[in-house]
Amino acid sequence: MPDRLDLLQGTLDLMVLQTLAAMGSLHGYGIARRIEQVSGEEVLLNQGTIYASLVRLQQRGWIAAEWGTSDNNRKAKFYSLTRAGRKQLTKDAAYWQRLTGVMGRVLAMSPSAGEK
Amino acid sequence: MAALQRFLNRILSFFSKEHHDAELEAEVANHLDLAIEDNLRRGMSPQEARRQALLRFGGPQQAKEHQRETRGLPWLDILLQDLRFTLRTLRRDRAFTIVAVLILALGIGANIVVFSVVNTILLRPLPFPEPQKLVRLTTKAPTCGESCRTYSADATEEFRERNKSFEDVTGYFAFTGPDNFKLMGQGTPVPVTGLLVMQNFFQTLGVQPAMGRLFLPEEALQHSRPTVLLTHAFWKRQFAANPNIVGQAVDFDNTQVTVVGVLPATFDFGSVFSPGAKVDVFTPYIMKDFEHDGNDLALIGRLRPGITLGQAQAEADMLFPKLDVDLTHPEYHGDYTASLFTLKDYVSGKLRRSLIVLWCAVGLILLIVCVNLSNLLLARAAARGKEFAMRSALGAGRGRLVRQLLTESLVLSGAGALLGLGIAFAAITWLAHQGSIALPLLSSIQIDAAALAWTLLIAITAAIVFGIAPGLRMSGGNLQEALKDSGLGASSGRKHDRLRSILVISEVALACVLLVGAGLLLRSFLRVLDVDLGFQPSRAAAITVDYDGNADGAKRNAIWQEIVTRVEAIPGVETAGISDNLPLSRNRSWGISVKGQAYPKDFLQGTFVYIVSPGYLKSIGMRLVAGRDISWSDGPKDQKVVIINQTVANKLWPGLDPVGRMASAGGADARVVGVVADVHESSAETAAGWQMYLPVSQQGPEGANLVVRSQLPPETLAPAVMSTLRQINPNQPATEFKPIQGLVDHAVSPRRFFVLLVGIFAALGLILASLGIYGVISYSVTQRTQEIGIRMALGSSQLRVQLGVIWKTFRLALLGMAFGVVAALATAQLIATLLFGTQPTDPTTFVAMLLLLSAVALIAGYIPARRASKVNPMIALRNN
């Protein structure tokens, strides 16, 4: 698995929020796996870093945590999006879309375009 | 919102670390279990499944650490860690900690005290609303005492009406002596100091009564109902804080006076207007009563909004020369001038320089303390070099090590500041109750918020100043070298040695500056004490005497004669005499000139007047240089007589014998019967003015002070004197019998105060510098034990070893003193105006202080030198 993407600052939080929005309640391992799968194994993710992101989001009140039981009958901490989290996700996603749009246009600039 | 929530959550989780850690632990374990299970399902071997799970997780320890940092307050964690570690190390190094904290406490405590004094007197506004608008009006270049600084009732009234600069102008009667009233009706009459103030006095200052009301305009009219305002202290003391006092009548001097109000506890007339004086009650100054009495009002005004001091001064310059002394006698010319000062400037302006010097001195002390602490820490650094090298080797960054060291410095200075606050609190409480120190506002001194902020500031600054050098040195050392360094006798000590020597040299230099400054001030103070005051304060005491104020000259003469004769009959009394005013206290001035002679303008000066009984001059210890004392037989109908001082004699009759000549004294012809040596009437430090002494039978005195000269202490004599006075006059109030020395002490108290403080600081500086020298020399002896051992084994004598160490000490001290003398010469020029009869380059002081410093340095060096010479070569060589 060479040549994987390094995560930009702050992007992990957004990924976690989106994952929870899409999947509902999920435990840490589940979120990490899900992000890896969706990214097509392209993201270089130390799964452990997810926990710093989770506690940060939790302290901001965007996700809530609760101990529960997983499919294979294990006790695990499940995270879910709060209402504030959902609002934040809409905001952050829109921002991200705009940013990538701008980045796309800037990077699409051809060398001759500026020389009129 | 989310950020705030996060911050609160971080604080919360800081306090529930165990719970969160346990949850995280469980979560991570659970995560790994799930991953392993997944991997097993994919067909990996159990070993491989676990390895892959851990690999993907990426280091559980880091992940947990990362989460903890995100979750809690990592800087606080580190701080607490550093604190715990600091307290542990300091507890282990108890001797060092105690010495360091004590030194810091003394330095910081002294700084808090001086800051509080400076803050109280110089920085804090006066305790009145809009104090910057309050202005004191006083004569330009006054040539005599209070009489030349005051204005007549008519002039005041005219100025009040004509000026456009002031919202209002008010004044108080400037010639009130202590215990001028007696409170009757409660058994023994109680002596009371009452001050006459213009009706609008408190309104102009902006003082609101604590109870009742202020004076009404009609209460300042002639023949109005007598009223009085009580000070808070007097109300509490004399009337047991009776809440119903307002409206009641009290008996002052057999007159029923209605109490209209009680002033607030925050108003202390003496502390603002007349340091050291205490006033008990205020009564209205009735303008009409004083219209022919000349100058007696000290004026204060409140500027209108938007008027500057300069504008008011310009207007005053126009108005004052035109004012009349007495409207019914327009032919008397007032020749008034007015110089305007803000009240604050008037109260504390003269002290500014002294206070700033004091502030600088105490700043120097703090600097010496810091240098000393730096030195102590460097000595410790040598011992702790390995500890820090080890921590550094284990991965602590330089910043982390400096932070640890700064934490130590802060803990030390924090402890020092706390102890210093305690010391300062005690000192300030003591100062606040020193009524005998004639410094304004001192009674209101306290450790307030500003002082606390100042404490915090200097504690932190000090910690950084003394902590940074050792901190950088310690954390910046070469790792390898430090780990290899066996501690004793190794080469790295040399660098330490040099830095520490530089510190000691600067300490000695600073101490030198302080010592020379203190020496010069002390010498000035001794010079002031040595001044020939013109009277003998020792063995004399005075008491305020009550007598029938309405008696005419003959009757008064008889009463005073009876008092003097009967008091002189008391066993142990040498002489007794009465004067209405005493030297170095209240004064007033009249005029004197040669009868019939015209003088150029400004030749004559206001002449201090003392109305005295025969025997007074002898009792107070004045010297009659020609002629005779007045006698009881100089009656009201006889030829008026006057005694003048030498200054008047030299000015009015230069080269002639004035005795027997005629003068015009206080507007009446009088024959000069005697000449006395000059008396320092206003202060020990200024030259004597013109003075004259008139007999009680021929002039109206303002009160009476009985002066008794005796070998016996005043307290022994007091009962007999008091009972004699009571026999003569049952209404004699229980006034205090005070030593005349008290007047002198009071007059020189500001200088004594400054000398005492600067002296204490200099002593402190000396001790600290000697400690510094001792520390460095002692450390170098310890380090060189082996070397000394070898030298002694090779035949060096004990004396040679001792001399070697002492020479090293002396070299440090000499260098320090060389720098110190240069700095001291510059400093001495700055304080030149504070000196009295002493040159800023006074060689005696310089030599004495340098000798003192050398002697202390040598003692500090001798102790380790002795130890060095006692080194046993065998043991020293076997060691290590």
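Predicted model: local features only at pLDDT ≥ 70, side-chain atom pairs only at ≥ 80, totals over all residues.
# Close-up views of chains A and B

View 1. The contact draws 18 residues from chain A and 24 residues from chain B. On the side of chain A that touches chain B, the elements giving two or more residues are α2, α3 (49–59) and β3 of chain A. The largest share, six residues, comes from α3(A). By class, this side of chain A has five nonpolar, eight polar and five charged residues. The size of an interface is often given as the accessible area lost when the parts come together; the legend here gives residues.

**View 2. The fold of chain A.** Chain A holds four helices and three strands. Read from the N terminus, its elements run α-β-α-α-β-β-α. Of the 116 residues in chain A, 30% are buried. Among contacts in chain A with a separation of 6 or more, 54% join residues 24 or more positions apart.

**View 3. The three-stranded sheet of chain A.** The sheet is open, with the order β1-β3-β2 and antiparallel pairing. Its edge strands are β1 (26–27) and β2 (63–69) of chain A, and each pairs on one side only. Strand β1(A) and strand β3 (residues 75–81) of chain A run antiparallel and are joined by two bridges. Across this pairing, A:Leu26 stands opposite A:Tyr79 in β3(A).

**View 4. Crossing of helices α1 and α2 in chain A.** Helix α1 (residues 11–23) and helix α2 (residues 28–38) of chain A have axes that come within 10 Å and cross at roughly 100°. The angle therefore makes α1(A) roughly perpendicular to α2(A). From α1(A), the contact uses A:Met15, A:Val16, A:Thr19 and A:Met23. From α2(A), it uses A:Ile31, A:Arg34 and A:Ile35. Five of the contact residues are nonpolar, one is polar and one is charged.

**View 5. The nonpolar cores.** The largest nonpolar core has 232 residues. Those with the most contacts inside it are B:Val508, B:Val642, B:Leu706 and B:Leu853. Leaving aside residues up to four places away in sequence, B:Leu706 touches B:Ala542, B:Ile543, B:Val545, B:Ile563, B:Val567, B:Ala576 and B:Ile578. A second, separate core has 27 residues, including A:Leu12, A:Ala52, A:Val55 and A:Trp62.

**View 6. Surroundings of B:Ala576.** B:Ala576 sits in strand β15 (residues 573–579) of chain B. It is buried, because 26 other C-beta atoms lie within 10 Å. Leaving aside residues up to four places away in sequence, B:Ala576 touches B:Val564, B:Val567, B:Glu568, B:Gly615, B:Ser619, B:Leu706, B:Val707 and B:Val708. B:Gly689 is 113 residues from B:Ala576 in sequence and 25 Å from it in space, C-alpha to C-alpha.

View 7. Strand β17 (residues 592–594) of chain B pairs with β21(B) in the antiparallel sense over three bridges. Here B:Ile592 stands opposite B:Ala665 in β21(B). Strand β22 (residues 668–676) of chain B also pairs with β21(B) in the antiparallel sense, over four bridges. B:Ser664 has B:Asp669 in β22(B) as its bridge partner. The hairpin of β21(B) and β22(B) has two residues between the strands, and B:Gly666 takes a positive phi near 60°.

**View 8. Two loop residues of chain B with positive phi.** Most residues other than glycine have a negative phi. B:Asp179 is not a glycine, yet its phi is positive, about 55°. B:Asp179 lies in the loop between β3 (166–173) and β4 (181–184) of chain B. It counts as buried because it has 21 C-beta neighbours inside 10 Å, and the cut-off is 20 or more. B:Arg539 also has a positive phi, near 65°. B:Arg539 is in the loop between α17 (492–530) and β14 (540–544) of chain B. With 17 C-beta neighbours inside 10 Å, B:Arg539 counts as partly exposed.

Key. Residues numbered from 1 in each chain as written. Chains lettered and ligands numbered in written order. Core = buried A, V, L, I, M, F, W, Y, C linked by C-beta atoms within 7 Å. Buried ≥ 20, exposed ≤ 12 C-beta atoms within 10 Å, placed from the backbone. Contact = placed C-beta atoms within 7 Å. Pairing = 2+ DSSP bridges. Axes fitted to C-alpha atoms, helices over the stretch in contact; angles between N-to-C directions. Parallel < 35°, antiparallel > 145°, perpendicular 65-115°, else oblique. Nonpolar A, V, L, I, M, F, W, Y, C, P; charged D, E, K, R; others polar.
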